[in-house]
Amino acid sequence: MTIPLSAVDSHLARNARFSSIYQEDHPWLERRLRDGLRNREDAQDVASETFTQLLQAPALHQLKEPRAMLVTIARRITWRLWRRRELEKAWLDMLHTLPEPVEPSAESRFQTLRALQTLDAILDGLSAKARMAFLYSQLDGMTHVEIAHRLKVSPTMVRKYIAQALLRCCAAFDA
C-alpha cells in the first residue's frame, strides 16, 4: 500500500504549522493564562490541554489567527476547570454537613464526584434552566409543579427541559 504524496505533504505541512504555532505561542499563552488564573500549575495544564485540542483541529495548516483560536480553546478549558472545581467544592461542602459516621469513604467520594462530573459533561450545552430542572427532578425528587415554581416557568416547560436532559443521557449511555 502506498500513501499518496499529497497526503504526506499535507501531513508534513500540518506538523510544521503546529510546531511553529507551539514554539511562537505557547509561552505567550501560558503567561496570559498565569495572569488570569493566578496559578502556575493550572496555567500549564490549561496551556497543554489547549495545544492538545489545537492539534486535533481539522484545518490546522490553514489557521490564519492561531492566537485567537488558542484563546477560544483556553477559555473553554478554563471554564470547565472552574465548573469542575465548583462542583467538587459544592460536593465537599455538602459532605461537611453530614455527621461523621455516615460520611462516605474516599473511594465512594471519588466515584460520586466522577459520576457528577460525567453528568455535568452530558448536560453541558443545555440551558441552565434545563439542567436545573433535571437535577431538581432526579436529585431532589421535586415534582414538575415545584420545579416550575422554583424556575418561574410552566410545568410544560419543565417536562420539555427534563426530556431534553434525558435524551442527552440516553445518547451518552448508548455511545
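Predicted model: local features only at pLDDT ≥ 70, side-chain atom pairs only at ≥ 80, totals over all residues.
1. Residues are numbered from 1 along each chain as its sequence is written, and side-chain values use heavy atoms, with hydrogens and water left out.

2. A search of the whole structure turns up three aromatic pairs (rings of Phe, Tyr and Trp, the last by its six-membered ring, with centres within 6.5 Å; planes under 30 degrees apart are stacked, over 60 edge-to-face, the rest tilted). One of them is Tyr22 with Phe51, edge-to-face at 4.9 Å centre to centre and 75° between the planes. Tyr22 sits in helix α1 (residues 5-37) and Phe51 in helix α2 (residues 40-55), so this pair ties together parts 29 residues apart in sequence.

3. Which residues do ring pairs link into a cluster? They are Phe18, Tyr22 and Phe51. Phe51 is buried, at 3% relative accessible area, while Tyr22 is partly exposed at 37% (buried is under 20%, exposed over 50%, partly exposed in between, with a 1.4 Å probe and protein chains only).

4. Now for the largest pocket: its lining has 14 residues, and Arg83, Leu87, Asp120, Met132 and Leu135 lie nearest its centre. That lining splits into nine nonpolar, no polar and five charged residues (Ala, Val, Leu, Ile, Met, Phe, Trp, Tyr, Cys and Pro are nonpolar; Asp, Glu, Lys and Arg charged; the others, Gly among them, polar). A pocket here is an open set of points on a 1 Å grid over the protein atoms alone, where a 1.4 Å probe fits, with protein on both sides within 12 Å along at least five of seven lines; lining residues have an atom within 4 Å of a point.

Definitions and conventions. Helix = DSSP H or I, 4+ residues; strand = E, 2+ residues; numbered from the N terminus.
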